[in-house]
Amino acid sequence: MSDRNAIPLAPSAALTVETVTSVRHWNEHLFSFTITRPQSFRFRSGEFVMLGLPGEGRPLLRAYSIASPAWAEELEFLSIKVPDGPLTSKLQSIQPGDQLFLGRKPTGTLVTDALLPGKRLFFLSTGTGLAPFLSLARDPDVYELFNQILLVHSVRRVSDLAFRDELEAQLAGDPLVQDQALLQFSYLPTVTREPFPTNQRIGTLIENGALFGPQMLGPKHLDPETDRIMLCGSMEMIKDLSAMLDGLGFAEGSNSKPGHYVIERAFVG
């Protein structure tokens, strides 16, 4: 156990204290980890929660999308490593057995409640924006609500394609959705700075029709009548694609007013 956790952490009205159960380093910039889940902790697939470590006087907290499905016994998260980041510089060195703070109240707009009914659901992500879609793609309710689900993950390097094997296998072995996913789920990785079969940004894939490969039924373009879209990742991507969708007649949704597409405004600012 690391030095900073030598003194047990104390829970508060807003935070519980959880234990790290596993850590997986994908490359020098990216890692994922799992922690214990309080029995009382409930969340909707796609939501985020505050995570943190002790700081000077008060905890260092940051919002993280929950990557594990709502039925899982543990909570999983995906994080970048920022050498001088107030939290991630410390978080990247966590080990199983270490403690950290978990917020008691998950929230967010990357949820199916914020979308109108539709036929095709597109998860469009860059970098660690993949995390909420890992949760949603393993939610049985998503497969009841939509006929087809396509997860697009755009990264700079091949090693940034976290969870690639599981996604390419169409979630084979998942206890709840493997049968539906085999028929309804597709995964499209794209790498922009290294050789890879698909190497274009998401906006280009939409414009040239490559997003709508042979696995996708229906029109080879986005249609607000049938298509629903979730965006998570870089601010540049969200800004560009939101403008594109607005121009195509899509309306942004929220928990109080469902729409054709949603973004997580807590991360965008």
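Student: How much area is buried between domain 1 and domain 2?

Tutor: About 1800 Å² is buried between domain 1 and domain 2, with carbon and sulfur atoms giving 57% of that area. Buried area here is the accessible area (1.4 Å probe) that two parts lose on being put together, summed over both. The model is a predicted one, in which local features need pLDDT of at least 70 and side-chain atom pairs count only at pLDDT 80 or more, while totals for chains, interfaces and linings use all residues. Residues are numbered from 1 along each chain as its sequence is written, and side-chain values use heavy atoms, leaving out hydrogens and water.

Student: Switching to sheets. What is the order of the six strands in the open sheet?

Tutor: S4-S3-S6-S1-S2-S5, with antiparallel pairing. Strands are DSSP E runs of at least two residues, helices are H or I runs of at least four, and both are numbered from the N terminus. Two strands pair if DSSP finds at least two bridges between them. At the edges are S4 (60-65) and S5 (74-80), each pairing on one side only.

Student: What about the sheet of five strands, parallel or antiparallel?

Tutor: Parallel, in the order S9-S8-S7-S10-S11. Strand S9 (185-191) and strand S11 (261-263) each have a single partner strand, so one side of each is left without a neighbour in the sheet.

Student: How many bridges join S7 to S10?

Tutor: Six bridges join S7 (residues 120-126) to S10 (residues 227-232). Phe122 stands opposite Ile229 in S10. Helix H7 (residues 235-247) packs on this sheet and touches S7, S10 and S11.

Student: Last one: is Gln184 buried or exposed?

Tutor: Gln184 is buried, with a relative accessible area of 16%; buried means under 20%, exposed over 50%, and partly exposed in between (1.4 Å probe, protein chains only). Gln184 lies in helix H5 (residues 178-184).

Student: What lies 2.9 Å from a polar atom of its side chain?

Tutor: The backbone oxygen of Phe146 lies 2.9 Å from a polar atom of the Gln184 side chain. Not counting residues up to four places away in sequence, Gln184 touches Tyr143, Phe146, Asn147, Gln148 and Ile149.

Methods:
A polar contact is a pair of N or O atoms within 3.5 Å; within protein, one must be able to donate a hydrogen and the other to accept it, and residues adjacent in sequence count only if both atoms are side-chain atoms. Contact means heavy atoms within 4.5 Å. Axes are lines fitted to C-alpha atoms, for helices over the stretch in contact, and angles run from 0 to 180 degrees between N-to-C directions.
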